[in-house]
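Welcome, and thanks for taking a look. Here is a short tour of side-chain pairings and packing.

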Amino acid sequence: MEAYECFKDLAIILISAKLLGLAAKKLKAPQVVGQIAAGLIIGPSLLGFVQQSDFLAMLAEIGVVILMFSAGLETNLRELVKTGPVAVTIACAGVFVPLALGTALYGCFYGFSPIGSDEFLKGLFIGTIMTATSVSITVQALRELGHLKGKVGTIIVSSAIIDDVIGIIVLTFVIGFKSADAKPLDVVIKTALFIVFSFAVGFAVYLLFKFLDKRSFHHRRIPIFGLALCLTMAFCAEKFFGIADITGAYVAGIILCNLRDAEYIAGKMDISGYMLFGPVFFASIGLKTSFDGFSMRLLWFSLAFVAVALLSKIIGCGAAAKVWKFNNKDALKVGVGMMTRGEVALIVAQKGLAVGMVTSEYFTSVILLILCSSVASPILLKLLYRGENKSDNTLSSGESMDLDETEEVYAEY
């Protein structure tokens, strides 16, 4: 491909992704769904205006790294500490129930294989995709209903943050086992070493950034150094520890999330992500989605995948809420609020494709899950809250301030 051809491809991707993203927003669906649809329409599967290339693949990889860095920056560690054991319990159940049921679902359709085999790892990865939670749609629904700052709303948001952290750890382990010569002990050791490395480097880097932040508050050099840290951590994770680059990027965001300038850094990352890397990443998923291997078996699997993914969050998170003495209705609200999926599920699926753990036709299942959960969750929450008084004004002013900060974590892309 001639070098100048990439400019035409990028122009087509940006225009189509923006237009279909706006169309999706009008239909009350996440904009990322429209961007994926844009890639599908302009890609080889339909119109063929844009073909996959190494250049677009590299831009997409940078995009996913920046997205995960931004997610880490927007993590509210203070909120996690405040909610404590309740949110942790709900998040753990919201990860491990979908993980187990997703693995079992793959076995039911494609056969149960010995633990450690490639087929078992594929099933485990399908479960890993189900662990992701994205509550941007839930946050908007709760805000409109007037219950975002209530007890249930606070728990949902806090649990979703912890859910993402645990999900990234699970992804790290699963991908670590993909290597042909991988041994369970080696994977555990490498992961442990990366955690130690992250704490040691993170503490030193945080102090350095805190010093820079004090001297150059809101200066553009801070986001530049932050992006350099993100890329360095992504490189070190893959190169020295055999861990997904997105894990390194997420940790880089966590390291900087308590800086005064964390929101400023995230804002600068959003500009590049919104303008170029984000649309290219999500459109690239559409470009890679293939219908060549599509069959009735895959159709039935996709439908079962969506059903299991939705129910597993309701069962896991709802049961954990019951352990903490939530009544049946509130426990159901927690489960429904945690069942939405978004960009994190796509990022996990994309990583699985890159390392050969899934094939491109499974993106159909993930996209269908995002659509169904985005539509179903707000409707069910509205039904569950019917007849209840708004609770957003029942908290103290201090609590309201903290929750307002938390809302920003899940501002829709």
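Predicted model: local features only at pLDDT ≥ 70, side-chain atom pairs only at ≥ 80, totals over all residues.

**Salt bridges**

Let us begin with charge. Side chains of opposite charge can pair when their charged atoms come close. How many salt bridges does a search of the whole structure find? The search finds eight.

| Pair | Distance, N to O | Location |
|---|---|---|
| Glu-5 and Lys-8 | 3.4 Å | helix α1 (residues 5-26) |
| Asp-330 and Lys-333 | 3.2 Å | helix α13 (residues 328-337) |
| Glu-238 and Lys-351 | 3.0 Å | helix α9 (residues 221-241) and helix α14 (residues 343-354) |

Glu-5 and Lys-8 are three residues apart, about one turn of helix α1. Glu-5 is partly exposed, with a relative accessible area of 24%, and Lys-8 is partly exposed too, with a value of 40%.

Asp-330 and Lys-333 are also three residues apart, about one turn of helix α13. Are these two residues buried or exposed? Both Lys-333 and Asp-330 are buried.

The side chains of Glu-238 and Lys-351 meet in a salt bridge of 3.0 Å, N to O. Glu-238 belongs to helix α9 and Lys-351 to helix α14, so this pair ties together parts that are 113 residues apart in sequence. Glu-238 counts as partly exposed because its relative accessibility is 36%, while Lys-351, at 8%, counts as buried. Salt bridges with shared partners also join Glu-238 and Lys-351 with Glu-61 and Asp-245 into one network.

**The nonpolar core**

Next comes the interior. In soluble globular proteins, nonpolar side chains tend to be buried together. Here the largest nonpolar core has 113 residues. Those with the most contacts inside this core are Phe-69, Phe-125, Ile-126, Ile-129, Leu-256 and Phe-305. What does Ile-129 contact, leaving aside neighbours within four places in sequence? Ile-129 is in contact with Phe-305, Ala-345, Val-348, Ala-349 and Val-366.

**Aromatic pairs**

A pair of aromatic rings is described by the distance of the centres and the angle of the planes. The count for this model comes to 12 aromatic pairs. One of them, Phe-109 with Phe-301, is edge-to-face, with 5.4 Å from centre to centre and 90° between the planes. Phe-109 lies in helix α4 (residues 77-110) and Phe-301 in helix α12 (residues 296-323), so their pairing ties together parts that are 192 residues apart in sequence. Phe-109 is partly exposed, with a relative accessible area of 23%, whereas Phe-301 is buried at 0%.

Phe-197 and Phe-241 make a tilted pair, because their planes are at 40°, with the ring centres 5.3 Å apart. Phe-197 lies in helix α8 and Phe-241 in helix α9, so this pair ties together parts that are 44 residues apart in sequence. Phe-197 counts as partly exposed at 24% relative accessibility, and Phe-241 counts as buried at 12%.

Ring pairs also link Tyr-106, Phe-109, Tyr-110, Phe-301, Phe-305 and Tyr-362 into a cluster. Phe-305, in this cluster, is also among the residues with the most contacts inside the largest nonpolar core.

**A buried threonine**

Our last stop is Thr-191, found in helix α8 (residues 184-215). Thr-191 is buried, with a relative accessible area of 7%. Not counting residues up to four places away in sequence, Thr-191 touches Thr-172, Phe-173 and Ile-243.

Terms used. Residues numbered from 1 in each chain as written. Heavy atoms only, no water. Helix = DSSP H or I, 4+ residues; strand = E, 2+ residues; numbered from the N terminus. Buried < 20%, exposed > 50% of the residue type's maximum accessible area, 1.4 Å probe, protein only. Contact = heavy atoms within 4.5 Å. Salt bridge = Lys/Arg side-chain N within 4 Å of Asp/Glu carboxyl O. Core = buried A, V, L, I, M, F, W, Y, C linked by side-chain atoms within 4.5 Å. Phe/Tyr/Trp six-rings, centres within 6.5 Å; stacked < 30°, edge-to-face > 60°.
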